[in-house]
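Student: Hi! Could you walk me through a structure I just opened?
Tutor: Happy to, let's look at it together.
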Amino acid sequence: MKVKKIEILSTEVEFQKNKFNLFEEILKCINKLGIELDDGDIISISSKFAALSQGRIAKLNRIKPCSETIRIASEYRIPEQLTELIIRESDSVFGGVPGFLLTSKDGLFAPNAGIDRSNIKSGYAIMYPHKPYRLAEQIRIMILLKLGKKVGVILTDSRLLPGKRGTTGISIASSGF
């Protein structure tokens, strides 16, 4: 089996606040690249792209932090609106270091509940996809039904590692393995 890389570049996908059909975008990308899927292939999808498809975008200046959030934001030197969003999105908050809260989100330890402000318009934040395991399963099933191929699907994110250069890719959800 030949390894196939399917990548949707952020420059190809215009920032939008409206939801879009993730499966249709994946099909467009596969067709544009001229790729034919085989049984056993693995499709890796950026959690950010998946979240954008669900409209999981927050305009930070519309978030009103409570007094406890303001205290936490000051202690960890995180903007107040972002801190409020982190707390809302987290299953649990365990503590933090300057700039980050250590949280759990959908069964994962995730800095700042996986909320990302990179490569997006200033003043916005992207949250993790809603129900990521269900989303990965839905994509896998749609590929099976539409293309007749048994593939694995992974929703990915990146992590910085203290004391290391660069980032590490992680899976936040998967299906078909």
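Student: Which helix does Thr83 lie in?
Tutor: Thr83 lies in helix α4. Keep in mind that this is a predicted model.
Student: And is Thr83 buried or exposed?
Tutor: Thr83 is buried: its relative accessible area is 0%, and the cut-off for buried is under 20%.
Student: What is Thr83 in contact with, leaving aside neighbours within four places in sequence?
Tutor: With that exclusion, Thr83 has contacts to Thr69, Ile72, Ala73, Ile78 and Leu101.
Student: OK, over to α3. Which residues of that helix are buried?
Tutor: Helix α3 covers residues 67–76, and Thr69, Ile72, Ala73 and Tyr76 are buried there. These residues are on the same side of α3, because they cover an arc of only 100° around the axis.
Student: What covers them?
Tutor: The cover over the buried residues of α3 includes α4 (80–89), β3 (92–97) and β4 (100–105).
Student: And what does the face turned away from the buried side carry?
Tutor: That face of α3 carries the exposed residues Ser67 and Ser74.
Student: What follows α3?
Tutor: Arg77 does, and its phi is positive, near 55°.
Student: New topic: how many aromatic pairs does the structure hold?
Tutor: It holds 2 aromatic pairs. One of them is Phe20 with Phe49, a tilted pair with 5.2 Å centre to centre and 50° between the planes.
Student: Where do Phe20 and Phe49 sit in the chain?
Tutor: Phe20 is in the segment before α1 (22–33) and Phe49 is in helix α2 (residues 47–53). They are 29 residues apart, so the pair links distant parts of the chain.
Student: Buried or exposed, those two?
Tutor: Both Phe20 and Phe49 are buried.

Definitions and conventions
Residues numbered from 1 in each chain as written. Predicted model: local features only at pLDDT ≥ 70, side-chain atom pairs only at ≥ 80, totals over all residues. Heavy atoms only, no water. Phe/Tyr/Trp six-rings, centres within 6.5 Å; stacked < 30°, edge-to-face > 60°. Helix = DSSP H or I, 4+ residues; strand = E, 2+ residues; numbered from the N terminus. Buried < 20%, exposed > 50% of the residue type's maximum accessible area, 1.4 Å probe, protein only. Arc of directions from axis to C-beta. Contact = heavy atoms within 4.5 Å.
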